[in-house]
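Subject: Structure handover

Hello,

Here is the structure for your files, with the sequence alongside. My notes on it follow below.

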Amino acid sequence: MSNVMEPRPAATVMMVRDGDGGFEVLMLKRNLNSDFVGGAYVFPGGGVDALDASPGTEVLVEGLIDAEASTRLSLTSGGLAYYVACLRELFEEAGLLLARSANGEYVRFDDPDVHERFATHRRAVNGSERRFLDIVAEEKLRLDLTALEYYAHWVTPVGPPRRYDTRFFVALAPEYQVAAHDAGETIADEWVRPRDALERHHAGELEMIFPTIRNLEAIADLPHAAAVLEHARQKQEILRIEPKFLTVDGEVTIVMPGDPGWTN
């Protein structure tokens, strides 16, 4: 029997917006005590839960049904759960909600009463007191799955005690909402230009894991936020990427298909 840890399904999103010096991406710093990449700067995201695909989910979303979502992710079924998980984690970790009200407009938090109501909702979800989808239903909202563009598929290499099979998405930051870390799983938030984030990583200022670095590199030279989404839409095929750990002269490095030392 194999003792290799099976990766858990997960979803994450690169939220982008235009800034004065170029487009920016939202980065969150993981709690230093986290048992997975503690202290690292990551995109909002996390594991897919069973409740993300519970009965009745499709009436609370717009833009995709499970069959369409699954086709996009090259799955036979269950694709909708990744999209829902992505938006749930975005709300939990960053306080952003990509959802529309009955009039078709995005929910906005510039009204203090609305802001406080959703802050209360967020605390309840993070405290496991309320279900995210119950709040969506109570507020008469529909999650906007069309806001998410599927971008990449990464699997944690064999070796770590926790492994994830992660789908990466990109989305534009909603207007009239302000991102804020949850002060639990995440302890800081920052909008940063991808090229600046990479330079700060190389300078030892921002700790980041390999998939985060590679995805930032892939979008760093695009001209503006909308171009990031268009870049994702134009992808003809999204390959499953599972790097490997390679030890050479006592040094552990990560290798990708095509790199020296890669073996199937």
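Q177 is buried, because its relative accessible area is 10% (buried means under 20% relative accessible area, exposed over 50%, partly exposed in between, with a 1.4 Å probe and protein chains only). This is a predicted model, in which local features need pLDDT of at least 70 and side-chain atom pairs count only at pLDDT 80 or more, while totals for chains, interfaces and linings use all residues. Residues are numbered from 1 along each chain as its sequence is written, and side-chain values use heavy atoms, with hydrogens and water left out.

Q177 sits in the loop between β9 and β10; helices (H or I, at least four residues) and strands (E, at least two) are DSSP runs, numbered from the N terminus. From there its side chain reaches the backbone oxygen of V107 at 2.9 Å. Leaving aside residues up to four places away in sequence, Q177 touches G95, L96, L97, V107 and F109 (contact means heavy atoms within 4.5 Å).

Y176 is found in that loop too, between β9 (164–172) and β10 (186–192). Y176 counts as partly exposed because its relative accessibility is 45%. Its phi is positive, about 60°, although Y176 is not a glycine. S128 also has a positive phi, near 60°, and is a residue other than glycine. S128 lies in the loop between α3 (112–126) and α4 (132–138), and counts as exposed because its relative accessibility is 67%.

The largest nonpolar core has 45 residues, of which M15, Y83, L97, L143, L148 and F169 touch the most other members. Such a core is a set of buried Ala, Val, Leu, Ile, Met, Phe, Trp, Tyr and Cys residues joined through side-chain atoms within 4.5 Å. At least two residues of this core come from each of β1 (8–19), β2 (22–30), α2 (79–94), α3, α4 and β9. The biggest contribution, 11 residues, is from α2. Another core, of 26 residues, lies apart from this one and includes V16, Y151, A188 and L216.

For L143, the contacts beyond four places in sequence are L60, V61, E62, V84, L87, L97, L98, A99, F132, L133 and V136.

Last, helix α7 (residues 225–233): its buried residues are A225, A227, V228, L229 and A232. The elements covering them include β1, β2, β8 (149–155), β9 and α6 (210–219).

Regards

Definitions and conventions: Polar contact = N/O pair within 3.5 Å; in protein donor to acceptor, adjacent residues only side chain to side chain.
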